Amino acid sequence: MVFNMLLTGFDAPRLKKMYLCRPLKAHNLLQALTRVNRPYKSMDHGFVVDFVDISKQFDQTNQDYLAELNGEFGQDAARYASLFDDPKAIKADLSDIKDTLWQYSTDNEYAFAKEISAIQDEDELYRIRRALERYKELRNLATLYGYDELDEHFDIALFGKLLNEVNLRIGRINEQKALKLGQLSTGSLNILLDHMEFSFEKEGTEELTVADKLKRTIRTACGSFQGNDDPKDPAYVNLLDKLREKLVKANMQELTTDEMTDLIGQFEELAREADELNRKNDLLAGKYGGDVKFMRIHKEMMGDDQPMASSDAALFRILSSLRRSIDATVERNAAALDQPAIFKHSIGPTIIKAFKDNDVTFSPSQVKTTVDRIYNEYSDERKTRLA
């Protein structure tokens, strides 16, 4: 309990919730409440659970404090008036909010959602969001100060849903911007798909049927991309860029039935190409006992301007022997991966020996590149396991 503690409001720990079990008055009340009104990390407010009904003391203390401000600062005290909203101020704010929202169907969440989904201007969306957020604040103030005559203005449950629709729309526009800029990765596909919108020139049964098929096809295609174990593969990156272009078209312009049908074919073709990449990756990983680390290393080495091995089979003989040796090293001391310089120094001789055993001509830079590739794969794997 904080009643008998030193209450400066600055040296006290931050609280998310405070339980009041005995009466507090004057400065003790204000100082206690300061412990839950200070932002901290993700906390922008706190909660007071009042078991003793401090409402009268709170109102009296606020009025005393305002009177003290008036006495000390005179006309300058007007700048603090916002701390003590009264019914007239709340009604004035409500009037401003109504002016902002009057053209929208705020009494019908479904109609409102449709209206909001047509807005592309972010400034307008933020203006609507500020009005809804202020509305929520006013509800809290009216409840706190007991302004019962204002209850008729508030349907907080409905306005909470409207605010959620506005936030979703802002998020969708940000995602559309990301698509335009090419900021797409396999990890963001699910989030993007959950918020994709489709516009049609007509909203008939046929359009909706084709749209549903388009959505299913897009999800299938994205599933193929998410199944890829080598996202840095240039062939995969090229396909992902094509996917982004198609998603932009599907998500950001009004489509006819014929255009949607054409897009379905294009997404199906992208899915086939992604599945073929996955098939080849799976075959190569299978050669290494399903170890995708060495599948990726193998592909990178064969993709070098001057590959060290003359064929995939020759490179496999080199890497398979390296894999056995390095696996044993990591198994003995996985924590060595947390010391990059030491780990790389320890596997260097093993790599050189494997090259020599297979009559491979190599340069110091090729050894270093191979060391780096192997370390990065094992290190990433360890980080993923520890996450």
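A crossing of two helices is left-handed if the near helix is turned anticlockwise from the far one by less than a right angle, and right-handed if clockwise. With that in hand, here are some close-up views.

This is a predicted model, in which local features need pLDDT of at least 70 and side-chain atom pairs count only at pLDDT 80 or more, while totals for chains, interfaces and linings use all residues. Residues are numbered from 1 along each chain as its sequence is written, and side-chain values use heavy atoms, with hydrogens and water left out.

**View 1. The whole protein, to get your bearings.**
The protein has 14 helices and 4 strands; helices (H or I, at least four residues) and strands (E, at least two) are DSSP runs, numbered from the N terminus. Of its 387 residues, 37% are buried, where buried means under 20% relative accessible area, exposed means over 50%, and partly exposed lies in between (1.4 Å probe, protein chains only). Contact means heavy atoms within 4.5 Å. Among contacts between residues at least 6 apart in sequence, 69% join residues at least 24 apart.

**View 2**
Two packed helices are described by the angle between their axes and the distance between the axes. The axes of α11 (292-302) and α14 (residues 364-386) come within 10 Å and cross at roughly 155 degrees. Axes are lines fitted to C-alpha atoms, for helices over the stretch in contact, and angles run from 0 to 180 degrees between N-to-C directions. Angles under 35 degrees count as roughly parallel, over 145 as roughly antiparallel, 65 to 115 as roughly perpendicular and the rest as oblique. The helices α11 and α14 are therefore roughly antiparallel to each other, and their crossing is right-handed. On the α11 side, look for Lys293, Phe294, Arg296, Ile297, Glu300 and Met301; on the α14 side, the contact is made by Thr370, Arg373, Ile374, Glu377, Tyr378 and Glu381.

**View 2. Four aromatic residues form one cluster.**
The members of this aromatic cluster are Tyr288, Phe294, Phe316 and Tyr378. Rings of Phe, Tyr and Trp (its six-membered ring) pair if their centres lie within 6.5 Å; planes under 30 degrees apart count as stacked, over 60 as edge-to-face and the rest as tilted. By this rule the count comes to 7 aromatic pairs. In one of them, the ring centres of Tyr288 and Phe316 are 5.1 Å apart and the planes stand at 65 degrees, so the pair is edge-to-face. Tyr288 sits in the loop between α10 (257-287) and α11, and Phe316 in helix α12 (residues 312-332), so this pair ties together parts that are 28 residues apart in sequence. Tyr288 counts as buried at 1% relative accessibility, whereas Phe316, at 26%, counts as partly exposed. Phe294 and Tyr378 have ring centres 6.1 Å apart and planes at 80 degrees, so they too are edge-to-face. Their pair links distant parts of the chain, with Phe294 in α11 and Tyr378 in α14, 84 residues apart. Both Phe294 and Tyr378 are buried.

**View 3. A lysine lies over the ring of Tyr378.**
Lys293 is found over the face of Tyr378, at 4.7 Å from the ring centre. A charge sits over a ring if NZ of Lys or CZ of Arg is within 6 Å of the ring centre and within 35 degrees of the ring normal.

Helix α13 (residues 340-357) packs against α14 at an angle of about 120 degrees, with the axes 9 Å apart. That makes α13 oblique to α14, and the crossing of these two is right-handed. Among the contacting residues are Phe343, Ile347, Ile351 and Phe355 of α13 and Val367, Val371 and Tyr375 of α14. Pro349 is also in helix α13 and counts as exposed at 54% relative accessibility. In the loop between α13 and α14 you will find Asp359, which is exposed, with a relative accessible area of 71%. Most residues other than glycine have a negative phi. Asp359 has a positive phi of about 55 degrees although it is not a glycine.

**View 4. Asn281 and its neighbours.**
Asn281 belongs to helix α10 and is buried, with a relative accessible area of 4%. Not counting residues up to four places away in sequence, Asn281 touches Asn228, Asp229, Asp230, Met295 and Lys299.
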